[in-house]
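Hi everyone, thanks for making time. Let me put the structure up and walk you through it.

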Amino acid sequence: MTMETEAMKPLNSENLKKNRIQVSNTKKPLFFYVNLAKRYLQQHTEIELSALGMAITTVVTIAEILKNNGFAIEKKILTSTVGMKDEAKGRLVQKARIEIVLEKGEKFEPLMNPSQAVEQEATANGKVENKQ
């Protein structure tokens, strides 16, 4: 059978989205994708996590970590099946597919830049420190 990475190569302009992360459960560790998603959220207001087959659980875990820590809010979940050619048997096999769209959470900026958030809060309260 073809690997998720082979199956998820861009086929059309829809798959060339700059805010899409295509997850494989064989290539990278879980927190690689979590940190990548945080970086994508810094650049975009929303991101799309996508996976096939056994990598679906990894995508759901990534989304839950981001949601539970306040980095993202779930916007949409899409599920479907994709026909793929089984190279060993030469026949078409159906694989499950999931796409989870997340948008920046309200706490995203303070969580990503905690020192900046403390400074902004201090100046808003009229407490300005001189840094030496």
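I'll talk about the sheet, and then the helices on it.

A few ground rules: this is a predicted model, where local features need pLDDT of at least 70 and side-chain atom pairs count only at pLDDT 80 or more, while totals for chains, interfaces and linings use all residues. Residues are numbered from 1 along each chain as its sequence is written, and side-chain values use heavy atoms, with hydrogens and water left out. Helices (H or I, at least four residues) and strands (E, at least two) are DSSP runs, numbered from the N terminus.

So, the sheet. Four strands make an open sheet with mixed pairing, in the order β1-β2-β4-β3; two strands pair if DSSP finds at least two bridges between them. At the edges sit β1 and β3, each pairing on one side only. In the antiparallel sense, β2 and β4 pair over seven bridges, and E48 stands opposite V101 in β4.

Now the helices. Across β1, β2, β3 and β4 lies α2, at about 170° to β1. Meanwhile α3 packs on the sheet and touches β1, β2, β3 and β4, its direction making about 5° with that of β4. Contact here means heavy atoms within 4.5 Å; axes are lines fitted to C-alpha atoms, for helices over the stretch in contact, and angles run from 0 to 180 degrees between N-to-C directions.

Which residues of α3 are buried? They are I56, T58, V59, I62, A63, I65 and L66, buried being under 20% relative accessible area with a 1.4 Å probe, protein chains only. Their cover includes α2 (30-43) and β4 (91-104). Following α3 comes G70, with a positive phi near 85°.

Key: Buried means under 20% relative accessible area, exposed over 50%, partly exposed in between (1.4 Å probe, protein chains only).
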